[in-house]
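Subject: Structure handover

Hello,

Here is the structure for you to look at. Please open it first, then read my notes below.

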Amino acid sequence: MKDKNSFYITTPLYYPSANLTIGHTYTTVAVDALARYKRLQGLDVKFLTGTDEHGQKIEKVANERGISPKEYVDKIVGEIKELWKTMDISYDIFIRTTDDYHEKTVQKIFQKLYDKGDIYKGVYEGYYCTPCESFFTENQLNEGNCPDCNRPVEKQKEETYFFKLSKYTDKLIKHIEENPDFIQPESRKNEMLNNFLKPGLDDLSVTRSSFDWGIKVPFDDEHVIYVWTDALSNYITALGYLSDDDSDYKKYWPADIHFVGKEIVRFHTIIWPALLLALGEELPKQVFGHGWILFDNDRMSKSKGNVVYPESIIELYGVDALKYFLLREFTFGQDGSFTKEKFMNRLNSDLANDLGNLVSRTVAMIGKYNGGIIPQAKKTGEFDDKLKNIAISTPSLVDGHMDDLKYSSALEEIWKLIGRTNKYIDETTPWILAKYDDKKDRLDTVLYNLAESIRIISVLIRPFMENTSNEIWKQLGIDSGDYTTWESLSNFASLESGLKVRKEAPMFPRLEVEKEIEKLDKLNKKLIEERTGKKGEEEIEVEENYISIDEFDKVDLKIAEIVKAEKHPDADKLLVFKLRVGEEERQIVSGIAEVYSPEELIGKKVVIVANLKPIKLRGVKSEGMILSAEKGKAISLLTTLDEIESGAKVL
Ligand code: MSP
């Protein structure tokens, strides 16, 4: 039985791709803030993150680099951990899918599902998207492309084990409809129900035999467990599920929230709960699919060269500025566009002007008007109640927003209090009070109220910006203790008088936007150069879905002349061509019979892949592939603009 005080939240497991972008850090920053927030409220939090290290893509990249997959992932996982350290990410568990205990439990899970009859052997025929490591049926494709990333898919046929996903369709629909919080935000819930569940689920291929880098099926060495079953299971293997010590599983499962980017909501709200239903385990209470951080309206990616590395922002402006910006600027459920201008402007307005100024003005006034000692409040006056009321009511407003994961609104509430406190300075004009001896009591009260309000602010921002909170404490002369608890927020008089303030350099100096952007670009470029080891090239760290020029060179594209074309004896969609490729003749079978008649193609020059491994298509040998452009049902054969001899190479 889950402990009432336990709170279990997770990030997805990151693919070990070198140099995570600001976009990648988004999920983790959000989970970290919530973990810290709930800890502040006294909950027993488990915050899990980690890396998703198996799969064909990793195996391929490692092979290309001439190292073992494990060597490859070890290095990158080290870098990811380093980044989380730099960013003060307060995770409790870092799980790697290559961890021994995880691998063992995944095998036990697989065996359990097999023994139950929910996994069976069959033949898979479908479309595979290598970057997403996902299979799709023809119906699921988006104009022939992957429905998740819109990249081309490959048709594949192989022996595989299936998980009886279809069996759980109705149960999943029922669960989703009866538990309105299960998938959030609402729009993602509707998408899952209408696009995937209501049309009916197919059984899911859960093993692969065409590569090795994965967890072996316990009873069949030929197969490895396909990555999503492996990766998703982490959320329970990490808690000791099916192990000798499953006390954490009992204490923390079900997860309170799985945080995921919107593109992986489907895996977390269909496959994952179906696996859990099959295992007879409870489902997570919520899966929240957040939006993407876009860069100039595109998804930030190394291969697109529009990457901004978190390290460059952190080096120039600190971790807190980055965390604050990510959580304040964007609405958590929706996409948001990152621009350096927006970042600089937020820093200037919210951090330098509002928060930074409030703290430095207050500390300076306590220094100047009371020898640096926080005075006792003595004489209440106009405006005090307004400040107190908003200060006391802010925590519950923040709490309401945090319950809904509205980070931006939560921060906005805190900034309203900051704004109100700044206004209080303008209203009470301490510099005028200081001119009159008989107004000293009132001045003391104003200074105390300012310090007290800043204390409350420092506690409220703590989950989001711990360094800044620490800095404020240093300036106010306080340590963590009674004045810094969540409970202390309900009392606008917690701070003791007599503490000595300390004037420090401004926490957030004002930035000259253009100059800063130049600085940031320069540093970012330097990072790219260091990471790629090559100067002058923008971003050459190759993403797995890109190929190098050497790889492209392996494809032998040639011009061929069609000398004969006829219908395939056994397949309506296929035509059988005889082609002349320079001196050589060859036969290619192509699926264009619905668009072209054989006669109209005789004498035409087309582009072929000349070094494709020959295969038989419905019993007829095909030695290559004729290239065509395709969109939906439209197909057009590729040819050359000018006359050129057959056998010419296409470069
Ligand atoms: N390995 C899978 C998850 C398996 S969970 C059992 C995966 N990994 S990932 O590295 O591609 O993504 C990790 C997280 O980073 C995802 O939540 C993803 O949405 C998030 N982001 C990566 N780039 C992003 C943006 N540009 N913006 C916001 N989040 C993005 O998916």
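Axes are lines fitted to C-alpha atoms, for helices over the stretch in contact, and angles run from 0 to 180 degrees between N-to-C directions. Helices (H or I, at least four residues) and strands (E, at least two) are DSSP runs, numbered from the N terminus.

This is a predicted model: local features need pLDDT of at least 70, side-chain atom pairs count only at pLDDT 80 or more, and totals for chains, interfaces and linings use all residues. Residues are numbered from 1 along each chain as its sequence is written, and side-chain values use heavy atoms, without hydrogens and water.

**Two helices**

Helix α1 (residues 22–40) packs against helix α12 (residues 319–329). The angle is about 90 degrees, and the axes are 10 Å apart. The two are therefore roughly perpendicular (65 to 115 degrees). Contact means heavy atoms within 4.5 Å. On the α1 side, the contact residues include Tyr26 and Val29. They meet Leu322, Lys323, Leu326 and Leu327 in α12.

**The ligand**

There are 24 residues around the ligand (a heavy atom within 4 Å). Leu13, Asp52, Gly261, Glu263 and Ile293 come nearest. α1 returns here: it gives the most to this shell, with four residues.

Now the polar contacts (pairs of N or O atoms within 3.5 Å). A polar side-chain atom of Asp52 lies 2.7 Å from a ligand nitrogen. A backbone N or O atom of Ile293 lies 2.8 Å from a nitrogen atom of the ligand. For Tyr15, a backbone N or O atom is 3.1 Å from a ligand oxygen.

Best wishes

Methods. Angles under 35 degrees count as roughly parallel, over 145 as roughly antiparallel, 65 to 115 as roughly perpendicular and the rest as oblique. A polar contact is a pair of N or O atoms within 3.5 Å; within protein, one must be able to donate a hydrogen and the other to accept it, and residues adjacent in sequence count only if both atoms are side-chain atoms.
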